[in-house]
Amino acid sequence: MFKGFFRQKLLIACCVAVLGCQIAPTIALADTPAAAPSIQPYLDQVIENITEFTLDNGLRFIVLENNDAPVVSFVTYADVGGVDEPDGKTGVAHFLEHLAFKGSTTLGTTDYQAEQKVLDRLDLIFADLQMAKQVGNEQAIAELEAQFTEVQDEASQYIVQNAFGQVVESAGGVGLNAATAADYTQYFYSFPSNKLELWMSLESQRFLDPVFR
């Protein structure tokens, strides 16, 4: 009896399996898509047009020449970023990125000699303020904060706001911006091709003669 029952179940199972095979929909295999064209020829052409050289001061240039339009685009890459920040100073790399737009001793000021004296006073007041905070001298903190605000207002009379950006824009520059990452900081914009020397001057001032006003 058990054998007969087993044969019956096995026969039903086999029939179901066969029927399943017969009624299963036919799946059409899609044609294998053609391989995408290689971009290697384009990359080879780009590499052929790249020139690299290093100035005596260590500044490395990577130049990709493209004469399709009378435009020159720049990316100034600094090998420093958030990973270089000291403990307890999170964000200082990004802060310095913004300060690099504040101008120099000749850009962004109406009278740098007078401005420098005021900025030096600000530094002294700030140092005293930090000491007062360390010892918890609330009266000194209040007095120094008031002095700092007063001298800061005095310094502002010498500042030409957004002077860097105004120079770039007035010379036909576009796309002025910057970015800070973990291990690099970059500054970028584009100029008409006849403004290459202006870019060199601006970037030189930005890195060699900055004023963090």
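This is a predicted model: local features need pLDDT of at least 70, side-chain atom pairs count only at pLDDT 80 or more; totals for chains, interfaces and linings use all residues.
Local features need pLDDT of at least 70, and side-chain atom pairs count only at pLDDT 80 or more, whereas totals for chains, interfaces and linings use all residues. Residues are numbered from 1 along each chain as its sequence is written, and side-chain values use heavy atoms, with hydrogens and water left out.

Volume is the space filled by probe spheres set on the points, which are joined across faces, edges and corners. Its lining (residues with an atom within 4 Å of a point) comprises 31 residues. Phe61, Ile62, Val63, Phe74 and Trp199 lie nearest the centre. Two or more lining residues come from each of strand E2 (60–64), strand E3 (71–78) and helix H7 (196–208). Helices (H or I, at least four residues) and strands (E, at least two) are DSSP runs, numbered from the N terminus. E3 gives the most, with eight residues. By class, the lining of the largest pocket has 19 nonpolar (Ala, Val, Leu, Ile, Met, Phe, Trp, Tyr, Cys and Pro), four charged (Asp, Glu, Lys and Arg) and eight polar residues (the others, Gly among them).

The second largest pocket holds about 410 Å³ of space. It is lined by 14 residues, with Leu119, Leu122, Phe148, Phe212 and Arg213 closest to its centre. Helix H4 (112–135) and helix H5 (138–156) each give two or more residues to this lining. H4 supplies the largest share, five residues. The lining of the second largest pocket divides into ten nonpolar, two polar and two charged residues.

Key. On a 1 Å grid over the protein atoms alone, a cavity is a set of points where a 1.4 Å probe fits but cannot get out, and a pocket is an open set with protein on both sides within 12 Å along at least five of seven lines; lining residues have an atom within 4 Å of a point.
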